[in-house]
Amino acid sequence: MAAPNLLNSTSIIGKTAIANVTTVLSNVITNGSTSGNLVKVDSMSISNYSVAAITANVIMFRGATSAYIIGTTTVPAYSTLTTIARDTALLLEEGDYIQSNVSANVAAHMTISYEVIS
């Protein structure tokens, strides 16, 4: 698990990922263990466009260690919760990944804007 030296980076590619979030804890963004890249997560949000409130979890994994970005946090009906904003960016080294789930299989989506630095 390593990260490239940012002074020697040769490219920065901006991307946006969109994922349906269900009750099953699933990967929403990964940085492969041999990618040679650093992934900078600039923003992340969960949208709930159902008639009922839900709770959401977003967890970052690094090796055998996991850390909750949000844990059992309520997303009201017809609302969007910002879990990471540009001023609180998150860096994923090689092998790191982020998973998410919600309390009910309703209408929840996750949007992540990130940069792949190599």
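I started with Ser45 and found its place in strand S3, residues 38-48. I am working from a predicted model.

Is Ser45 buried or exposed? I looked up its relative accessible area, which is 15%. The cut-off for buried is under 20%, so Ser45 counts as buried.

Next I listed what touches Ser45, skipping neighbours within four places in sequence. Thr80, Leu81, Thr82 and Thr83 are among its contacts. His109, Met110 and Thr111 are also in contact with Ser45.

I then turned to the nonpolar residues. The largest nonpolar core has 25 residues. Met110 is one of those with the most contacts inside this core. Ile29, Val41, Met44, Leu92, Ile98 and Ile112 are also in that group. Which elements give two or more residues to this core? I noted S1 (12-20), S2 (26-30), S3, S4 (54-62), S5 (65-75), S7 (90-92), S8 (97-102) and S9 (108-117). S9 gives the most, with five residues.

I checked Ile29 separately, again leaving out neighbours within four places in sequence. Ile29 is in contact with Val39, Leu92, Tyr97, Ile98, Ile112 and Tyr114.

Last, I traced a sheet. It is open, has four strands and runs in the order S2-S8-S4-S5, with antiparallel pairing. Which strands are at the edge? They are S2 and S5, and each pairs on one side only. Neighbouring strands of this sheet are turned by 20° against each other on average, direction ignored.

I looked at the pair S4 and S5 in this sheet. Eight bridges join these antiparallel strands. I also found Thr55 opposite Thr74 in S5.

Definitions and conventions. Residues are numbered from 1 along each chain as its sequence is written. This is a predicted model: local features need pLDDT of at least 70, side-chain atom pairs count only at pLDDT 80 or more; totals for chains, interfaces and linings use all residues. Side-chain values use heavy atoms; hydrogens and water are left out. Buried means under 20% relative accessible area, exposed over 50%, partly exposed in between (1.4 Å probe, protein chains only). Contact means heavy atoms within 4.5 Å. A nonpolar core is a set of buried Ala, Val, Leu, Ile, Met, Phe, Trp, Tyr and Cys residues joined through side-chain atoms within 4.5 Å. Two strands pair if DSSP finds at least two bridges between them. Axes are lines fitted to C-alpha atoms, for helices over the stretch in contact, and angles run from 0 to 180 degrees between N-to-C directions.
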